[in-house]
Amino acid sequence: YDAVCINNPVSIIDTKLPEKVLNKTAKNYIYVGLIKEEKGIFRFLNVYDKFSKNHNINLKIIGKPLTIKDKLKLKSCLKNNSSIEYLGYKDHKYIDNEIKKSDFSVVPSYYLENYPTTVLEGILGGNVVIASNRGGTAEILDDGRGLIFDILDENSIYNVLEKSYNLTEDEYNNICKKAFEYVLNNNSYDTYYEKIMKIIDN
(Lines give C-alpha, C1' and ligand atoms only; values in the text may rest on other atoms or scores of the structure.)
Protein backbone atom coordinates (compact mmCIF):
# COMPACT_ATOMS: atom_id res chain seq x y z
CA TYR A 1 0.00 0.00 0.00
CA ASP A 2 1.07 3.57 -0.67
CA ALA A 3 1.06 5.86 2.35
CA VAL A 4 -0.89 9.09 1.93
CA CYS A 5 -0.65 12.04 4.32
CA ILE A 6 -3.87 13.98 4.82
CA ASN A 7 -3.55 17.08 6.98
CA ASN A 8 -5.94 17.61 9.88
CA PRO A 9 -8.84 19.94 9.07
CA VAL A 10 -9.83 23.01 11.04
CA SER A 11 -13.08 24.93 11.12
CA ILE A 12 -12.71 28.01 8.90
CA ILE A 13 -15.54 30.45 9.55
CA ASP A 14 -14.08 33.49 7.79
CA THR A 15 -12.09 33.08 4.57
CA LYS A 16 -10.72 36.63 4.85
CA LEU A 17 -7.56 37.35 6.82
CA PRO A 18 -8.40 39.46 9.91
CA GLU A 19 -7.25 43.04 9.45
CA LYS A 20 -4.70 44.11 12.04
CA VAL A 21 -2.42 47.04 12.62
CA LEU A 22 0.81 45.86 14.19
CA ASN A 23 1.37 47.69 17.46
CA LYS A 24 4.64 49.57 17.09
CA THR A 25 5.08 50.40 20.75
CA ALA A 26 4.09 47.16 22.51
CA LYS A 27 4.00 43.67 21.01
CA ASN A 28 1.34 41.25 22.29
CA TYR A 29 1.94 37.49 22.56
CA ILE A 30 -0.44 34.70 23.52
CA TYR A 31 -0.03 31.09 24.64
CA VAL A 32 -3.01 28.73 24.52
CA GLY A 33 -2.66 25.19 25.84
CA LEU A 34 -1.99 22.96 28.81
CA ILE A 35 0.28 24.42 31.47
CA LYS A 36 2.88 21.70 31.90
CA GLU A 37 6.61 21.15 31.41
CA GLU A 38 6.26 19.05 28.26
CA LYS A 39 4.53 21.90 26.48
CA GLY A 40 7.69 23.99 26.80
CA ILE A 41 5.87 26.86 28.46
CA PHE A 42 8.17 27.15 31.49
CA ARG A 43 11.37 27.22 29.47
CA PHE A 44 9.78 29.78 27.18
CA LEU A 45 8.73 31.88 30.18
CA ASN A 46 12.27 31.77 31.53
CA VAL A 47 13.59 33.34 28.32
CA TYR A 48 10.58 35.65 27.97
CA ASP A 49 11.32 37.03 31.44
CA LYS A 50 14.83 38.04 30.36
CA PHE A 51 13.63 39.45 27.05
CA SER A 52 10.82 41.50 28.59
CA LYS A 53 13.21 43.40 30.85
CA ASN A 54 14.33 45.58 27.94
CA HIS A 55 11.46 45.20 25.45
CA ASN A 56 7.89 46.49 25.62
CA ILE A 57 5.93 43.25 25.33
CA ASN A 58 2.97 41.50 26.93
CA LEU A 59 2.02 37.84 27.19
CA LYS A 60 -1.38 36.31 27.87
CA ILE A 61 -1.62 32.68 28.95
CA ILE A 62 -4.81 30.64 28.54
CA GLY A 63 -4.95 27.09 29.82
CA LYS A 64 -5.01 24.87 32.87
CA PRO A 65 -2.10 23.58 34.97
CA LEU A 66 -2.24 19.78 35.19
CA THR A 67 -0.50 19.35 38.55
CA ILE A 68 0.12 21.27 41.77
CA LYS A 69 3.77 21.55 40.74
CA ASP A 70 2.78 23.16 37.42
CA LYS A 71 0.43 25.53 39.23
CA LEU A 72 3.17 26.64 41.64
CA LYS A 73 5.69 27.15 38.82
CA LEU A 74 3.19 29.28 36.91
CA LYS A 75 2.40 31.28 40.03
CA SER A 76 6.10 32.00 40.50
CA CYS A 77 6.41 33.21 36.90
CA LEU A 78 3.41 35.52 37.28
CA LYS A 79 4.70 36.91 40.57
CA ASN A 80 8.00 37.98 39.04
CA ASN A 81 6.77 39.54 35.81
CA SER A 82 3.87 41.99 35.57
CA SER A 83 3.82 41.77 31.75
CA ILE A 84 2.41 38.22 31.96
CA GLU A 85 -1.34 37.83 32.42
CA TYR A 86 -2.87 34.45 33.24
CA LEU A 87 -6.47 34.20 32.07
CA GLY A 88 -7.19 30.63 33.20
CA TYR A 89 -9.20 28.04 31.31
CA LYS A 90 -11.54 29.60 28.74
CA ASP A 91 -14.05 28.49 26.09
CA HIS A 92 -13.29 28.49 22.38
CA LYS A 93 -15.11 31.73 21.58
CA TYR A 94 -13.17 33.60 24.26
CA ILE A 95 -9.88 32.13 23.01
CA ASP A 96 -10.59 33.13 19.41
CA ASN A 97 -11.25 36.70 20.51
CA GLU A 98 -8.02 36.89 22.53
CA ILE A 99 -5.99 35.50 19.63
CA LYS A 100 -7.36 38.19 17.34
CA LYS A 101 -6.41 40.88 19.86
CA SER A 102 -2.80 39.67 20.00
CA ASP A 103 0.05 39.84 17.47
CA PHE A 104 1.87 36.54 17.97
CA SER A 105 0.79 33.03 18.98
CA VAL A 106 3.41 31.00 20.84
CA VAL A 107 3.64 27.19 20.61
CA PRO A 108 6.85 26.17 22.44
CA SER A 109 6.23 22.44 22.87
CA TYR A 110 8.85 19.77 23.63
CA TYR A 111 6.42 17.22 22.25
CA LEU A 112 6.79 15.87 18.73
CA GLU A 113 3.47 17.49 17.92
CA ASN A 114 1.58 15.87 15.07
CA TYR A 115 -0.25 18.78 13.43
CA PRO A 116 -1.29 21.09 16.28
CA THR A 117 -4.62 22.85 16.01
CA THR A 118 -3.28 25.71 18.13
CA VAL A 119 -0.94 26.63 15.27
CA LEU A 120 -3.79 26.63 12.74
CA GLU A 121 -6.03 28.66 15.07
CA GLY A 122 -3.28 31.23 15.59
CA ILE A 123 -2.90 31.62 11.83
CA LEU A 124 -6.66 31.93 11.29
CA GLY A 125 -6.74 34.59 14.01
CA GLY A 126 -4.34 36.69 11.94
CA ASN A 127 -1.26 36.08 14.08
CA VAL A 128 2.32 35.27 13.24
CA VAL A 129 2.93 31.93 14.93
CA ILE A 130 6.18 31.39 16.81
CA ALA A 131 6.77 27.69 17.44
CA SER A 132 9.35 25.08 18.35
CA ASN A 133 10.75 22.89 15.58
CA ARG A 134 9.07 19.74 16.84
CA GLY A 135 6.93 17.38 14.75
CA GLY A 136 4.47 18.68 12.17
CA THR A 137 4.63 22.28 13.35
CA ALA A 138 7.67 23.01 11.20
CA GLU A 139 5.80 21.75 8.13
CA ILE A 140 2.95 24.19 8.68
CA LEU A 141 5.27 27.16 9.23
CA ASP A 142 7.82 26.26 6.55
CA ASP A 143 8.60 28.60 3.65
CA GLY A 144 8.17 31.82 5.59
CA ARG A 145 4.76 31.04 7.07
CA GLY A 146 5.92 31.54 10.66
CA LEU A 147 8.92 31.74 12.97
CA ILE A 148 10.66 28.59 14.22
CA PHE A 149 13.01 28.08 17.16
CA ASP A 150 14.74 25.25 19.02
CA ILE A 151 13.04 24.75 22.39
CA LEU A 152 16.20 23.06 23.70
CA ASP A 153 18.27 26.20 23.03
CA GLU A 154 17.47 29.29 25.09
CA ASN A 155 19.52 31.48 22.74
CA SER A 156 17.29 30.31 19.89
CA ILE A 157 14.17 31.27 21.87
CA TYR A 158 15.60 34.70 22.69
CA ASN A 159 16.61 35.26 19.06
CA VAL A 160 13.16 34.40 17.73
CA LEU A 161 11.58 36.81 20.20
CA GLU A 162 14.00 39.47 19.00
CA LYS A 163 13.15 38.69 15.39
CA SER A 164 9.40 38.83 16.01
CA TYR A 165 9.73 42.08 17.95
CA ASN A 166 11.65 43.75 15.11
CA LEU A 167 9.41 42.67 12.23
CA THR A 168 8.28 45.54 10.05
CA GLU A 169 4.58 45.84 9.34
CA ASP A 170 5.15 44.61 5.77
CA GLU A 171 7.16 41.61 6.96
CA TYR A 172 4.51 40.81 9.56
CA ASN A 173 1.65 41.05 7.07
CA ASN A 174 3.47 38.94 4.47
CA ILE A 175 3.99 36.11 6.95
CA CYS A 176 0.34 36.27 8.05
CA LYS A 177 -0.88 36.25 4.44
CA LYS A 178 1.27 33.28 3.38
CA ALA A 179 0.23 31.26 6.40
CA PHE A 180 -3.47 32.11 6.06
CA GLU A 181 -3.52 31.12 2.37
CA TYR A 182 -1.77 27.85 3.23
CA VAL A 183 -4.40 26.94 5.82
CA LEU A 184 -7.26 27.87 3.46
CA ASN A 185 -5.81 25.64 0.74
CA ASN A 186 -4.77 22.69 2.90
CA ASN A 187 -6.85 22.52 6.05
CA SER A 188 -10.50 23.24 5.25
CA TYR A 189 -13.05 20.48 5.82
CA ASP A 190 -13.87 20.60 2.09
CA THR A 191 -10.24 19.88 1.20
CA TYR A 192 -10.10 17.12 3.81
CA TYR A 193 -13.26 15.51 2.40
CA GLU A 194 -11.98 15.74 -1.18
CA LYS A 195 -8.72 14.00 -0.26
CA ILE A 196 -10.55 11.23 1.62
CA MET A 197 -12.94 10.64 -1.27
CA LYS A 198 -10.09 10.58 -3.78
CA ILE A 199 -8.46 7.74 -1.84
CA ILE A 200 -11.75 5.83 -1.54
CA ASP A 201 -12.52 6.24 -5.26
CA ASN A 202 -9.10 4.94 -6.23
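Guide: Gladly, with one term to begin: helices (H or I, at least four residues) and strands (E, at least two) are DSSP runs, numbered from the N terminus. This is a predicted model, where local features need pLDDT of at least 70, side-chain atom pairs count only at pLDDT 80 or more, and totals for chains, interfaces and linings use all residues. Residues are numbered from 1 along each chain as its sequence is written, and side-chain values use heavy atoms, with hydrogens and water left out.

Visitor: Which element has the lowest mean pLDDT?

Guide: pLDDT is the predictor's confidence in each residue, from 0 to 100. The protein chain averages 91, and 100% of the residues score at least 70. Among its elements, strand 2 (residues 57-62) has the highest mean, 98, and the lowest, 81, belongs to helix 8 (residues 189-201).

Visitor: Leaving aside neighbours within four places in sequence, which residues is Tyr-189 in contact with?

Guide: Tyr-189 lies in helix 8. Counting contact as heavy atoms within 4.5 Å, Tyr-189 touches Pro-9, Val-10 and Ser-11.

Visitor: How is helix 1 placed against helix 2?

Guide: Axes are lines fitted to C-alpha atoms, for helices over the stretch in contact, and angles run from 0 to 180 degrees between N-to-C directions. Angles under 35 degrees count as roughly parallel, over 145 as roughly antiparallel, 65 to 115 as roughly perpendicular and the rest as oblique. Helix 1 (residues 41-52) and helix 2 (residues 68-80) pack at about 10°, with axes 11 Å apart. Helix 1 is therefore, relative to helix 2, roughly parallel.

Visitor: And how does helix 1 lie relative to helix 6, oblique or roughly parallel?

Guide: The axes of helix 1 and helix 6 come within 9 Å and cross at roughly 55°. The angle therefore makes helix 1, relative to helix 6, oblique.

Visitor: How many charged residues are in the contact of helix 1 with helix 6?

Guide: Helix 1 brings residues including Arg-43, Asn-46, Lys-50 and Phe-51, while helix 6 brings others, among them Glu-154, Tyr-158 and Glu-162. Here Ala, Val, Leu, Ile, Met, Phe, Trp, Tyr, Cys and Pro count as nonpolar, Asp, Glu, Lys and Arg as charged, and the others, Gly among them, as polar. The contact has 8 nonpolar residues and 1 polar, and the number of charged ones is 4.

Visitor: What kind of pair do Phe-51 and Tyr-158 form?

Guide: Rings of Phe, Tyr and Trp (its six-membered ring) pair if their centres lie within 6.5 Å; planes under 30 degrees apart count as stacked, over 60 as edge-to-face and the rest as tilted. The structure holds 5 aromatic pairs. Phe-51 and Tyr-158 have ring centres 5.1 Å apart and planes at 75°, so the pair is edge-to-face.

Visitor: Which residues of helix 7 meet helix 4?

Guide: The axes of helix 4 (residues 117-124) and helix 7 (residues 169-186) come within 9 Å and cross at roughly 120°, so the two are oblique. From helix 4 come Leu-120, Ile-123 and Leu-124, and they meet, in helix 7, Ala-179, Phe-180 and Val-183.

Visitor: What is phi of Asp-143 near?

Guide: Asp-143 is found in the loop between helix 5 (137-141) and strand 6 (147-149). Most residues other than glycine have a negative phi. Asp-143 has a positive one, near 60°.
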